[in-house]
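This report describes the fold of one protein chain.

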Amino acid sequence: VLTAGQDRKAVFYDSFSSYALNFDFLLYSCALSKNAKYGAIAYNEENEILVFNTSSKKYLYKLIGQDATLTQILFISDKEIFASSDSQTINFWRLK
């Protein structure tokens with residue numbers, strides 16, 4: 001489970017443990033890949049998405065291009081992500 005909160009924390013829970021990632025902005029949206037290997041968090045005022053490895057906590061990608069506060073992030077696969085907001089734009093990224 002991955003949570004995003006207005007306390008500026010994203011918390012990842014697995015079967016055995018949990019940890020928090022702290023940010024400087026209110027978190028409005030997050031997602032986990034189907035196998036929970038990757039997490040994604042809308043983490044700043046520029047509506048950018050941070051993709052990270054849930055095991056190592058390593059930040060892998062910063063996704064840009066969304067023009068409004070993100071309301072939905074969806075992993076289609078480990079390497080494909082959709083994101084939407086209250087605007088009429090849906091963004092798609094294919095990660096390398």
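The model is predicted: local features need pLDDT of at least 70, side-chain atom pairs count only at pLDDT 80 or more, and totals for chains, interfaces and linings use all residues. Residues are numbered from 1 along each chain as its sequence is written, and side-chain values use heavy atoms, with hydrogens and water left out.

**Overall form**

The protein chain contains zero helices and 10 strands, where helices (H or I, at least four residues) and strands (E, at least two) are DSSP runs numbered from the N terminus. Its pattern along the sequence is accordingly written β-β-β-β-β-β-β-β-β-β. The radius of gyration of the protein chain is 12 Å, which agrees with the value near 12 Å for a compact globule of 96 residues. This radius is taken over C-alpha atoms, and the globule rule is 2.2 Å times the number of residues to the power 0.38. The C-alpha trace spans about 40 × 30 × 15 Å along its principal axes.

Of the 96 residues, 43% are buried; buried means under 20% relative accessible area, exposed over 50%, and partly exposed in between (1.4 Å probe, protein chains only). The accessible surface comes to about 5,700 Å², and carbon and sulfur atoms account for 49% of it. Such areas come from the Shrake-Rupley method with a 1.4 Å probe; for residues, only the protein chains shown count as cover. Among contacts (heavy atoms within 4.5 Å) between residues at least 6 apart in sequence, 28% join residues at least 24 apart.

**Strand pairing**

Two strands pair if DSSP finds at least two bridges between them.

Strand E6 (residues 49-53) is mostly covered, with five of its five residues buried. Ile49, Val51 and Asn53 point one way from E6, while Leu50 and Phe52 point the other way. Towards E7, isoleucine 49 stands opposite leucine 63.

**Two serine residues in loops**

Is serine 15 buried or exposed? Serine 15 is exposed, because its relative accessible area is 69%. This residue lies in the loop between strand E2 (9-13) and strand E3 (18-22). Its C-alpha atom is separated by 9.4 Å from that of valine 1, which is 14 residues away along the chain.

Serine 29 occupies the loop between E3 and strand E4 (30-32). Serine 29 counts as buried because its relative accessibility is 5%. Not counting residues up to four places away in sequence, serine 29 touches Ala4, Ala40, Ile41, Ala42, Leu70, Thr71, Gln72 and Ile73.
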